[in-house]
Amino acid sequence: MSVHQSESTTILELEDVSLGYGDRTILSGLNVRVRKGEVVALIGGSGSGKTTLLRAATGQIAPQKGKVTLYGQDLSKVTPEKMRLLRQRMGVLFQQGALFTDLGVFDNVAFPLRELTQDSEALIFEKVLSKLDAVGLRSAAHLKLSEISGGMARRVALARSIVLEPELILYDEPFAGLDPISLGMTAKLIRDTADRLHCGSVLITHDIEESFNIVDYVYMVGQGQLLVAGTPDELRASDNPYVQQFLRGSPQGPVVFEYPETPHFQQWYAQRKGHLNG
Ligand SMILES: Nc1ncnc2c1ncn2[C@@H]1O[C@H](COP(=O)(O)OP(=O)(O)OP(=O)(O)O)[C@@H](O)[C@H]1O
């Protein structure tokens, strides 16, 4: 049985989930499953709802419909305290790495260990240097954040998100702003981390080429729904026009570039127009 077929190893599951903000629904009919050791890519156009899906997985937003299950727990039923404990088993790398600017490289990576574990400083020293080594920044441990580049800062953020060796890691565009070498290294690191920790990984990315080399499964969202799901090979072979446009990076096709017009926009527009004319 392949990793993707076995039921018992599920870490994160969304069943017939609808997500949105207020009365606006962004995505509906979502069925997503992430298993131990599996690296899953979540792809889709700008504003299609990928980050929103990550927010639902971390319990930051509740689904409008359907069920989100994390480590076997229905998130609609967990208390805030329990949610806090579940989040500790999860590593998140957000689009803006959100490093603490008043802490240096070493202390940024050490932060989760000092906050959430009883580890001794000697053990923290070993763990932090080993994670910095994994991202190629062992010898940058002593630097201040003002002394490193944007791409290096992203690698520090990556080291910090894996320092607790979590069971699920969510990466929001981990390749953004990286040069081709760091990009290849980061992709390899994501794959190696999943293999070594046997954790589930979800990767939001626009980088089809790099991600298809390392992921086991791909979910593509667009037009308010899950458009396709399959292995990278299955997606490459798909004749779905949306998929093909995305894979070719073509500006022509069904993937919409324009933000959709909503009643809120129309209201705002009419008011502004009214002011200007009145
Ligand atoms: N806090 C919020 N309140 C209201 N609407 C939001 C909020 N966050 C996101 N949205 C809307 O939800 C939609 C999906 O946004 P989301 O950030 O999930 O997209 P995305 O696929 O991650 O986009 P990108 O690839 O550009 O980062 C967008 O139309 C956005 O305007």
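Which residues in α3 meet which residues in α5? Val-105, Asn-108, Val-109, Phe-111 and Pro-112 in α3 meet Val-156, Ala-159 and Arg-160 in α5. Meeting here means contact: two C-beta atoms, placed from the backbone, lie within 7 Å. By class, this contact has six nonpolar, one polar and one charged residues. Ala, Val, Leu, Ile, Met, Phe, Trp, Tyr, Cys and Pro count as nonpolar, Asp, Glu, Lys and Arg as charged, and the others, Gly among them, as polar.

The model is predicted: local features need pLDDT of at least 70, side-chain atom pairs count only at pLDDT 80 or more, and totals for chains, interfaces and linings use all residues. Residues are numbered from 1 along each chain as its sequence is written.

Now look at how the helices pack. Helices (DSSP runs of H or I, at least four residues) are numbered from the N terminus. Two packed helices are described by the angle between their axes and the distance between the axes. Axes are lines fitted to C-alpha atoms, for helices over the stretch in contact, and angles run from 0 to 180 degrees between N-to-C directions.

Start with α3 and α5. Their axes lie 7 Å apart, at an angle of about 25°. The two are therefore roughly parallel to each other, a label for angles under 35 degrees. Their crossing is right-handed: the near helix is turned clockwise from the far one by less than a right angle.

Next, follow α3 (residues 105-116) to α4 (residues 121-134). Their axes come within 9 Å and cross at roughly 125°. So α3 and α4 are oblique to each other. Phe-106, Val-109, Ala-110, Leu-113 and Arg-114 of α3 make the contact with Ile-124, Lys-127, Val-128, Lys-131 and Leu-132 of α4. Seven of these residues are nonpolar, none is polar and three are charged.

Then turn to α5 (residues 150-162) and α6 (residues 180-197). They pack at about 5°, with axes 12 Å apart. That makes α5 roughly parallel to α6. Gly-151, Arg-155, Leu-158 and Ile-162 in α5 meet Ser-182, Thr-186, Leu-189 and Thr-193 in α6. Three of them are nonpolar, four polar and one charged.

Tyr-21, Ile-26, Gly-44, Ser-46, Gly-47, Ser-48, Gly-49, Lys-50, Thr-51 and Thr-52 surround it, each with its C-beta atom, placed from the backbone, within 6 Å. Helix α1 (residues 50-57) gives the largest share of this shell, three residues. The shell holds two nonpolar, seven polar and one charged.

Definitions and conventions. Parallel < 35°, antiparallel > 145°, perpendicular 65-115°, else oblique.
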